[in-house]
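Subject: A structure to look through

Hello,

Here is the structure I promised to pass on. Please have a look at it first, and then read my notes below.

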Amino acid sequence: MAIDRIWSYAPASGHTEGQDLTGFTVAATDGTIGHVDREAAPHGMRHLVVDTGVWVFGRSVLVPAGVVTGIDTQARKITLACSRGDAKAAPRFQTDSETRDREYLTAVGDYYHRLPPRAATSV
């Protein structure tokens, strides 16, 4: 995936412009990682903030829109092209201000861009 595409939903993802994904369950290739807390797109860098609950000690992770492989509106579920370990190892998300910090977002985009391609699985 080209680095500039990491911040946009893929045409085949099922994303509809204006769609509210808040509360959707988020599943990696090997299991659920949490639910969408909010969406943002500062500097044209569209992403999801995912609340991981107790899985990662109550912290959230930031996932670029380009990592989303599927959105099932009926099941209220989003699938990702990364593993749970990949999401957990992403640059640590600590404060809401980071969702507007171009340097932090660039580091997150670079991290996900470097991950090897993974086949989506049914979770």
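A salt bridge here is a side-chain nitrogen of Lys or Arg within 4 Å of a carboxyl oxygen of Asp or Glu. Before the examples, a word on the source: this is a predicted model, in which local features need pLDDT of at least 70, side-chain atom pairs count only at pLDDT 80 or more, and totals for chains, interfaces and linings use all residues. Residues are numbered from 1 along each chain as its sequence is written, and side-chain values use heavy atoms, with hydrogens and water left out.

Salt bridges

There are two salt bridges in the structure. In one of them, Arg38 pairs with Asp37 at 2.3 Å from N to O. Both partners are partly exposed (buried means under 20% relative accessible area, exposed over 50%, partly exposed in between, with a 1.4 Å probe and protein chains only): Arg38 has a relative accessible area of 25%, and Asp37 has 35%.

Glu17 and Arg46 also form a salt bridge, and their closest N and O atoms are 2.6 Å apart. Glu17 sits in the segment before strand S1 (25-28) and Arg46 in the loop between S2 and S3, so this pair ties together parts that are 29 residues apart in sequence. Glu17 counts as exposed at 60% relative accessibility, while Arg46 is partly exposed at 24%.

The fold

The chain contains two helices and six strands (DSSP runs numbered from the N terminus: helices are H or I of at least four residues, strands E of at least two). Starting at the N terminus, the elements follow the order β-β-β-β-β-β-α-α.

The six strands make an open sheet with mixed pairing, in the order S4-S3-S2-S1-S6-S5; two strands pair if DSSP finds at least two bridges between them. Strand S4 (60-64) and strand S5 (68-72) are the edge strands, each pairing on one side only. From one strand to the next, the twist averages 35° (axes are lines fitted to C-alpha atoms, for helices over the stretch in contact, and angles run from 0 to 180 degrees between N-to-C directions).

Strand S2 (residues 31-40) and strand S3 (residues 47-51) run antiparallel and are joined by five bridges; Val36 has Val50 in S3 as its bridge partner. Helix H2 (residues 102-114) packs on the sheet, where it touches S3 and S4, and its direction makes about 70° with that of S4.

S3 and S4 are also antiparallel and joined by five bridges, with Val63 in S4 as the bridge partner of Leu48. Is S4 buried or exposed? Five of its five residues are buried, so S4 is largely enclosed by the rest of the structure. Both of its faces are covered, with Ser60, Leu62 and Pro64 on one side and Val61 and Val63 on the other.

The core

The largest nonpolar core has 32 residues, and those with the most contacts inside it are Ile33, Leu48, Ile78, Leu80 and Tyr112. Such a core is a set of buried Ala, Val, Leu, Ile, Met, Phe, Trp, Tyr and Cys residues joined through side-chain atoms within 4.5 Å. H2 gives the most to this core, with five residues. Beyond its neighbours within four places in sequence, Leu48 is in contact (heavy atoms within 4.5 Å) with residues including Tyr9, Leu21, Val61 and Ile78.

For the chain as a whole, 44% of the 123 residues count as buried.

Best wishes
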